[in-house]
Amino acid sequence: MANRYCYYCGMMHAEEMMRVITVRNGRRWRCIRSIEAAKKSVKERDAFGREVSAFNEEMSATVKNRRACFD
Ligand SMILES: [Zn+2]
């Protein structure tokens, strides 16, 4: 079984776990697991970002309402 050097993990993986990625200076092998993990973390970060901005909007609305009561 052929092993390939994964530039992402810095170690060898079995070739069937690898994909060739085109980068600026050529082509590199990267394992599917790290590609999937990166995709997932981007999705999670986006979801988290949306949640935080919704929360911030809600908070600023609450603060404005509170100020209105004090005026
Ligand atoms: Zn890898």
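Trainee: Which residue in β2 stands opposite Cys6?
Mentor: Met11 in β2 is the residue opposite Cys6. Strands here are DSSP runs of E with at least two residues, helices are runs of H or I with at least four, and both are numbered from the N terminus.

Trainee: Before we go on, what kind of model is this, and how are residues numbered?
Mentor: This is a predicted model, in which local features need pLDDT of at least 70 and side-chain atom pairs count only at pLDDT 80 or more, while totals for chains, interfaces and linings use all residues. Residues are numbered from 1 along each chain as its sequence is written.

Trainee: What is the mean pLDDT of the protein?
Mentor: The mean is 89, and 96% of the residues reach 70 or more. The term pLDDT stands for the predictor's confidence in each residue, from 0 to 100.

Trainee: Where is confidence lowest, and where is it highest?
Mentor: Helix α1 (residues 32–70) has the lowest confidence, with a mean of 86, and strand β2 (residues 11–14) has the highest, at 96.

Trainee: Back to the strands. In which sense do β1 and β2 pair?
Mentor: Strand β1 (residues 3–6) pairs with β2 in the antiparallel sense, over four bridges. Two strands count as paired if DSSP finds at least two bridges between them. Their hairpin has four residues between the strands, and Gly10 there takes a positive phi near 75°.

Trainee: What about β3 and β4; how many bridges join them?
Mentor: Six bridges join strand β3 (residues 18–23) to strand β4 (residues 26–31), and the two run antiparallel. One of the bridges has Ile21 facing its partner Arg28 in β4. The hairpin from β3 to β4 passes through two residues.

Trainee: Now Arg4: which residue stands opposite it in β2?
Mentor: That is His13. Arg4 itself is placed in strand β1.

Trainee: Which residues does Arg4 touch?
Mentor: Leaving out residues up to four places away in sequence, Arg4 touches Met12, His13, Glu15, Met18 and Trp29. A contact requires C-beta atoms, placed from the backbone, to lie within 7 Å. As for Met18, 14 residues along the chain from Arg4, the two C-alpha atoms are separated by 7.5 Å.

Trainee: Why does Arg4 count as partly exposed?
Mentor: Arg4 counts as partly exposed because it has 18 C-beta neighbours inside 10 Å. A residue is buried with 20 or more other C-beta atoms within 10 Å of its own, exposed with 12 or fewer, and partly exposed in between.

Trainee: Is Lys64 buried or exposed?
Mentor: Lys64 is exposed, as 9 other C-beta atoms lie within 10 Å. Lys64 belongs to helix α1. Lys64 and Glu51 are 13 residues apart in sequence, and their C-alpha atoms are 20 Å apart in space.

Trainee: Finally, in what order do the elements run?
Mentor: From the N terminus on, the order is β-β-β-β-α. The radius of gyration is 23 Å, well over the 11 Å that the globule rule gives for 71 residues, so the protein is more spread out than a compact globule. That radius is taken over C-alpha atoms, and the rule is 2.2 Å times the number of residues to the power 0.38. The C-alpha trace spans about 75 × 25 × 15 Å along its principal axes.

Note on methods. Contact = placed C-beta atoms within 7 Å.
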